Amino acid sequence: MAAYKTDIEIAQEAEMLPITEIAKKAGIAEDDLELYGKYKAKADPKNVSGKKNGKLILVTAINPTPAGEGKTTTTVGLADGLSRLGKNVIAALREPSLGPVFGIKGGAAGGGYAQVVPMEDINLHFTGDFHAIGAANNLLAAMIDNHIHQGNELNIDPRKITWKRCVDMNDRQLRHVVDGLGGRLDGVPREDGFDITVASEIMAILCLASDISDLKERLARIVIGYTYGKPSEQQPVTAGQLHAEGAMAALLKEAIKPNLVQTLEHTPVFVHGGPFANIAHGCNSVSATKLALSLSDYTVTEAGFGADLGAEKFLDIKCRMAGLVPSAVVIVATARALKYNGGVPKAETGKENLEALEAGLPNLLKHISNMKNVWHLPSVVAINRFPTDTEAELALIREKCAEYGAKAVISEVWAKGGEGALELAEEVVRLCDTEENHFTFAYETDLPLKEKINAIVTKVYGGRGTVFTANAEKQLSQLEKMGCGGMPVCMAKTQYSLTDDPNVLGAPTDFDVTVREVKVSAGAGFVVALTGEIMTMPGLPKRPAAERIDIDENGVISGLF
């Protein structure tokens with residue numbers, strides 16, 4: 001059997017077109033580009049205004065498993081497939097975080113022959129957006145502690161500071177730290193901590209802001225902590241009160257502009273913003289999505305992790321705030337991952353096992369049901385095919401999906417690129433053109449916060465209800481009094497399960513979700529509910545991907561995937 005080429009080998013062999021040619025294909029004039037070398041550029045939406053009103057296609061997936069699903073790969077392949085059908089299409093993706101790149105998940109530029117290039121640049125520093133976000137975040141942190149050191153005019157209680165520093169790396173050592181040690185001139189000693197950059201509220205703000213003015217207004221609204229006093233007397237302190245928003249926005253003036261790159265088949269792609277979907281809202285920037293929609297007939301975008309997280313937040317947060325209405329949804333699944341949901345160990349998912357497949361299918365079927373009955377959107381299932389899949393397994397998936405009103409289509413984009421997505425692309429076009437679309441949200445924002453959280457748990461996750469800790473109850477009450485009750489909710493939950501327990505697979509129903517903490521991201525405009533053991537700073541695995549990444553004397557990188 002011939003050896004497969006690795007993702008990075010395929011990417012390095014690709015013949016990229018100059019980004020100016022990709023821009024021309026997308027309808028962007030060369031004078032409106034800010035070039036970052038030959039194959040990357042930024043486009044300022046203020047200067048680039050297309051007149052189209054394209055159809056928005058969301059790519060999501062079942063709950064992720066170690067067997068892999070291939071959501072980004074499918075997104076890229078679908079865009080190339082639509083292009084092969086003669087459609088004017090642009091993809092809109094998130095930027096990868098260095099944490100997963102050097103950790104366990106790898107990069108986020110697709111795979112096989114459905115990739116975005118230059119792959120190494122995108123997966124590493126790219127155009128520096130994440131560094132700018134981290135700098136803006138840490139500038140605010142420095143201004144908070146300096147304000148306290150210089151006399152604390154705002155009466156900030158150091159024990160009630162909610163703003164953390166950040167770094168774009170998986171580093172569990174930084175979750176809980178004590179800083180300000182050393183003496184009177186070295187700051188005020190206090191407990192502190194770090195988040196990973198993609199979990200920072202700055203990332204969410206950048207991805208939801210419409211322009212620089214909106215960015216500054218959102219940055220000013222950030223709640224960094226609370227004043228001294230009894231709980232009933234404590235007042236929120238904002239970045240605006242520290243006069244930090246102007247300098248922060250100055251650091252972000254280039255980062256707010258979408259990045260233009262290309263697929264292996266030269267389809268234009270905006271790669272911009274990168275919030276995680278398990279601890280943030282998990283979608284690329286509103287500005288990139290809207291820019292793509294104004295320039296294309298079809299915009300293909302993705303939302304992180306499974307449809308219970310990324311798609312829920314895409315629909316209930318991003319679409320609500322930006323006034324977007326998806327035309328169709330693609331739900332990615334693999335026979336291997338479904339068998340894993342049915343109790344088969346990862347090492348054995350390559351063997352035919354119809355019994356396990358049937359036991360694992362409810363996870364996929366729950367996501368199909370949600371699209372149909374919660375959000376009322378037309379959907380198609382993309383079966384990301386592997387060589388070990390049997391015809392009997394594929395037939396069973398098709399049969400069960402049809403019972404739930406969704407067609408299941410074979411996708412072979414990893415091996416064949418856009419050619420492997422032609423049937424999927426045709427079905428997506430059909431859904432956009434002929435299927436009724438009665439898009440509704442999973443909840444209305446005028447509900448109390450607890451009812452919004454419970455709606456997500458019962459409707460989307462399929463749970464029995466929500467349990468709130470005493471601490472969460474206090475925080476909810478405080479946020480309602482602060483006027484945050486009308487905000488949408490961003491659930492911080494494990495990606496591996498519909499429940500708050502990563503070990504519970506399939507589609508259980510007899511469970512509660514416990515909310516242990518609630519906090520406001522006032523600049524982003526949503527309330528975050530933390531469940532289970534979810535952490536805003538991941539750690540590296542026992543054998544991190546970083547151990548396999550190298551560079552030779554000619555500057556050629558290996559080991560990225």
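Helix H7 passes helix H8 in a right-handed crossing, a crossing being right-handed if the near helix is turned clockwise from the far one by less than a right angle, and left-handed if anticlockwise. Helices here are DSSP runs of H or I with at least four residues, strands are runs of E with at least two, and both are numbered from the N terminus. This is a predicted model, in which local features need pLDDT of at least 70 and side-chain atom pairs count only at pLDDT 80 or more, while totals for chains, interfaces and linings use all residues. Residues are numbered from 1 along each chain as its sequence is written, and side-chain values use heavy atoms, with hydrogens and water left out.

The axes of H7 (residues 201-208) and H8 (residues 212-221) come within 9 Å and cross at roughly 150 degrees; axes are lines fitted to C-alpha atoms, for helices over the stretch in contact, and angles run from 0 to 180 degrees between N-to-C directions. H7 is therefore roughly antiparallel to H8, given that angles over 145 degrees count as roughly antiparallel, under 35 as roughly parallel, 65 to 115 as roughly perpendicular and the rest as oblique. Ile202, Ile205, Leu206 and Leu208 of H7 meet Asp214, Leu215, Arg218 and Leu219 of H8, where contact means heavy atoms within 4.5 Å. By class, this contact has six nonpolar, no polar and two charged residues; Ala, Val, Leu, Ile, Met, Phe, Trp, Tyr, Cys and Pro count as nonpolar, Asp, Glu, Lys and Arg as charged, and the others, Gly among them, as polar.

H17 itself (residues 449-460) has twelve residues and reaches 16 Å from its first C-alpha to its last, close to the 16 Å expected at 1.5 Å a residue. Its buried residues include Leu449 and Ile453, buried meaning under 20% relative accessible area, exposed over 50% and partly exposed in between, with a 1.4 Å probe and protein chains only. Just after H17, Gly462 takes a positive phi of about 85 degrees.

Backbone geometry also deserves attention elsewhere. Most residues other than glycine have a negative phi, and most peptide bonds are trans. A cis peptide bond, with omega of about 5 degrees, joins Val117 and Pro118, and Pro118 is found in the loop between strand S6 (114-117) and helix H5 (119-123). In the loop between H5 and helix H6 (129-149), Phe126 has a positive phi of about 55 degrees although it is not a glycine, and this residue counts as buried at 9% relative accessibility. Asn152, in the loop between H6 and strand S7 (156-161), likewise has a positive phi, of about 60 degrees, and is buried with a relative accessible area of 15%.

Thr263 lies in strand S14 (residues 259-263) and is buried, with a relative accessible area of 1%.

Ala307, in helix H11 (residues 307-322), counts as buried at 3% relative accessibility. Leaving aside its neighbours within four places in sequence, Ala307 is in contact with Thr60, Ala61, Glu312, His367, Met371 and Trp375.

Definitions and conventions. Expected span 1.5 Å × (residues − 1).
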